[in-house]
Amino acid sequence: MAVKKIAFGSKIYLDEVELACALNQASVDMKRDNKRVVTIGCLDTIPGPVMSGAKFSGYSEWGALGFEETLEAKYRAGSTVNFMMVIGGTAGDVCFEVVGPLSEDVHSWPAGDLLALSGAVPDGNTVARQLALHVGTSITATGTGTGQNVGATVSGAICVVTYRVLSVVGSGTVTFATEESSDNGAVDTYAAISGLGATFTAVGVQRKTTTSATKAWKRINRAAFSGFTSIVVTISVGMQAA
Amino acid sequence: MAVKINGGQPGFIHTLNAVAICGQQFGLEMKRNNTKIRNNCGLEVVVGPPEYTTKFSGELEFGTGSTEATLWSHFSGGAAQAWTAKPSSAATGVANPLMSGTALADSYSMSLSASAPVSFDFAATGTDSTGLPTRVTS
């Protein structure tokens, strides 16, 4: 059944840092650069490429891994960031992801009010819709997560898996594989999808894609886990708009 | 007899790719690319080719077959899809004209504000060869 959701409780990430507790506004803006063509003979519309962006704003939370420190570091580095909203904030919820460079880092320091901060990923980037398989899940050993019907993708479509290791205790290595099945393993046993695995030795984000056809049900297998006492992860799987 | 219809009445059906869309605001904007010509005979307006945009917005519903799933399917697919809009009143039984056509998504945004439902804005341009939606009375 279709349900409305309030934004409160949603998880919003900039790479491996969760910003939700600092933000009071976030949006993903999806656009296509379609062309309306009027010729002497006819009217036509030419589908254009996806040109999406994201914006987020809130309170300038200071300190280690706060909103201010995170945004400043990533903006000054000028590198590509992975922005994601997990709408609702639990496993199974819809996520929207935009990957691109930050274009804004705006500080507001009004007297008599809380300091504010905003950032943006500019229009012109790709966007992916995913389902969250793990949200803030603590992992202490190898094993498999619960499968979800994410939807099959046909050959040529871009299947995306985004792994975020949010925190670690101790030092070690963890290896993830994304597995697929047509019936949640009832008859068709789960098997790893080639090219979608990832290995971490520290916090970070990795985004893996494949254009091979994939089956509807997907789950995460912690194929190897050593050294760490525990880690916390958010992992999502879905499809990128072509 | 001519009657006015409240947009919030049950029976207002707006579909995209045959799936009902649930929102708070629906719009259809039609315009003609008319050209004004000023010459020594005066001012003349030459009628140009029409085009239209269909828009909807509101609080977003999630789940299988939901507005969210439908809009993403349309946007990510990158192909024009059929749409319909039929404002009708279940209370009075009035059957109003059905507007329909095919459209291609231009923009789709999703916004999260603290303490508010997740909201959306969607806009698509008509790809019908005449530049106008079809209007059918019944």
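Author: A salt bridge is a side-chain nitrogen of Lys or Arg within 4 Å of a carboxyl oxygen of Asp or Glu. The model discussed here is predicted.

Reader: How many salt bridges are there between chain B and chain A?

Author: One of the pairs is Glu68(B) with Arg129(A). The closest N and O atoms of Glu68(B) and Arg129(A) are 2.5 Å apart, and the cut-off is 4 Å, so the pair qualifies. Between chain B and chain A the count is three salt bridges.

Reader: Which residues of chain B lose the most area to chain A?

Author: In the contact, 38 residues of chain A meet 40 residues of chain B. The two chains bury about 3000 Å² between them, with 61% of it on carbon and sulfur atoms. Three residues together account for 25% of what the side of chain B buries. They are Phe62(B), Trp72(B) and Leu112(B).

Reader: Which element of chain B gives the most to the side that touches chain A?

Author: There are 17 residue pairs in polar contact between chain B and chain A. Several elements of chain B each supply at least two residues of the touching side, among them helix 1 (67-77), strand 6 (50-59) and strand 9 (98-113). The element that gives the most, with 10 residues, is strand 9.

Reader: Which residue of chain A stands opposite Tyr108(B)?

Author: Tyr108(B) lies in strand 9 of chain B. Strand 9 of chain B is joined by seven bridges to strand 4 (residues 23-31) of chain A, and the two run antiparallel. Opposite Tyr108(B) stands Met30(A).

Terms used:
Residues are numbered from 1 along each chain as its sequence is written. Chains are lettered from A and ligands numbered from 1 in the order in which they are written. This is a predicted model: local features need pLDDT of at least 70, side-chain atom pairs count only at pLDDT 80 or more; totals for chains, interfaces and linings use all residues. Side-chain values use heavy atoms; hydrogens and water are left out. Contact means heavy atoms within 4.5 Å. Buried area is the accessible area (1.4 Å probe) that two parts lose on being put together, summed over both. A polar contact is a pair of N or O atoms within 3.5 Å; within protein, one must be able to donate a hydrogen and the other to accept it, and residues adjacent in sequence count only if both atoms are side-chain atoms. Helices (H or I, at least four residues) and strands (E, at least two) are DSSP runs, numbered from the N terminus. Two strands pair if DSSP finds at least two bridges between them.
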